[in-house]
Amino acid sequence: MNLKTLIAIGACLVTFTACKPDLRTIGTVDDDKLITPETLADMGYTAFREKYLGQEVTVTGFYQSGLIGTYRKNEAQCEVAFSTKDKKSGKKFNIYIYTNYFPDFVLKDTFKDFDTFDIERTHYAQEANLPAEICDEWCEYDPKTKACFYKSPDLKITGKLFEIDGSEKGRTSFLYMKVKGVEY
């Protein structure tokens, strides 16, 4: 190879590497279990619930819509909500993640009006411990420091769906998850 070819190859590699996001992973993220808002819209609520309730999935394609619910910052336990719409159907997809061994008594109280809720589905031996900054509701995502990972445009979350709520006629479905890992 001549020098021009080597320089061209080097420039291509540098360009490719510079364009690829520098993702960080905490816990385990399984790309082979990927679901998106389109998955839910295409399957419909009933089929989706039958297939995925109690299963491990990896979700992506949503944005952070705010911290809501019970908040225990000292234990880094908080509920984070994400939301998006399927472009084709307009169906809204909300997901709530519960982190760092969220207490059973809080979940029992939260889901007391759900006819099908089973606290046993929340038990998840593979649950990851996520950083305490997950509960900082005032931060902004910074790609350099990786602060506010839940606001990253590259976010993927793997975990167990312990409850799914919605209907075939409803425009919104709600997914509730314990977390195994995040990539951002």
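Predicted model: local features only at pLDDT ≥ 70, side-chain atom pairs only at ≥ 80, totals over all residues.

Biologist: Fine. What covers the buried residues of helix 3?

Modeller: The cover over the buried residues of helix 3 includes strand 2, helix 2 (37-43), strand 3, strand 7 and strand 8.

Biologist: And which residues of helix 3 are buried?

Modeller: The buried residues of helix 3 are Tyr 45, Phe 48, Arg 49 and Tyr 52. They span an arc of only 100° around the axis, so they sit on the same side of helix 3.

Biologist: What follows helix 3?

Modeller: Gly 54 follows helix 3, and its phi is positive, near 80°.

Biologist: Switching to the core, then: how many residues are in the largest nonpolar core, and which have the most contacts inside it?

Modeller: The largest nonpolar core has 30 residues, and Val 59, Phe 82, Ile 157 and Val 182 are those with the most contacts inside it. Two or more residues each come from helix 3 (45-52), strand 3, strand 5 (77-85), strand 6 (92-98), strand 7 and strand 8. Strand 8 gives the largest share of this core, with four residues.

Biologist: What is Val 59 in contact with, leaving aside its neighbours within four places in sequence?

Modeller: With those neighbours left aside, Val 59 is in contact with Ile 35, Phe 93, Ile 95, Leu 155, Lys 156, Ile 157 and Met 177. There is also a second, separate core of 11 residues, which includes Phe 102, Val 106, Phe 117 and Phe 162.

Biologist: Now charges. How many salt bridges does the structure hold?

Modeller: The structure holds 10 salt bridges. One of them joins Glu 56 to Lys 33, with the closest N and O atoms 2.6 Å apart. This pair links distant parts of the chain, 23 residues apart, since Glu 56 is in strand 3 (residues 56-60) and Lys 33 is in the loop between strand 1 (25-27) and strand 2 (34-35).

Biologist: Is Glu 56 buried or exposed?

Modeller: Glu 56 is buried, with a relative accessible area of 17%, and the cut-off for buried is under 20%.

Biologist: Which residue does Glu 127 meet in a salt bridge?

Modeller: The side chain of Glu 127 meets that of Lys 178 in a salt bridge, at 3.3 Å from N to O. Glu 127 lies in the loop between helix 4 (104-110) and strand 7 (156-165), while Lys 178 lies in strand 8 (residues 172-183), so the pair ties together parts that are 51 residues apart in sequence. Both Glu 127 and Lys 178 are buried.

Biologist: Let's turn to the rings. How many aromatic pairs are there?

Modeller: The structure holds 13 aromatic pairs. Among them, Tyr 96 and Tyr 176 are stacked, at 5.2 Å centre to centre with 15° between the planes. Tyr 96 is in strand 6 and Tyr 176 in strand 8, so this pair ties together parts that are 80 residues apart in sequence. Tyr 96 counts as buried at 12% relative accessibility, and Tyr 176 is buried with a relative accessible area of 9%.

Biologist: What about Phe 162 and Tyr 176?

Modeller: Phe 162 and Tyr 176 form a tilted pair, 6.4 Å centre to centre with 45° between the planes. Phe 162 counts as buried, at 0% relative accessibility. One aromatic cluster is formed by Tyr 96, Tyr 98, Phe 102, Phe 111, Phe 114, Phe 117, Phe 162, Phe 174 and Tyr 176.

Biologist: Last one: where is Ser 152?

Modeller: Ser 152 is in the loop between helix 4 and strand 7, and Ser 152 is buried, with a relative accessible area of 5%. A polar atom of the Ser 152 side chain lies 3.1 Å from the backbone nitrogen of Asp 154.

How values were computed. Residues numbered from 1 in each chain as written. Heavy atoms only, no water. Salt bridge = Lys/Arg side-chain N within 4 Å of Asp/Glu carboxyl O. Buried < 20%, exposed > 50% of the residue type's maximum accessible area, 1.4 Å probe, protein only. Core = buried A, V, L, I, M, F, W, Y, C linked by side-chain atoms within 4.5 Å. Contact = heavy atoms within 4.5 Å. Polar contact = N/O pair within 3.5 Å; in protein donor to acceptor, adjacent residues only side chain to side chain. Phe/Tyr/Trp six-rings, centres within 6.5 Å; stacked < 30°, edge-to-face > 60°. Arc of directions from axis to C-beta.
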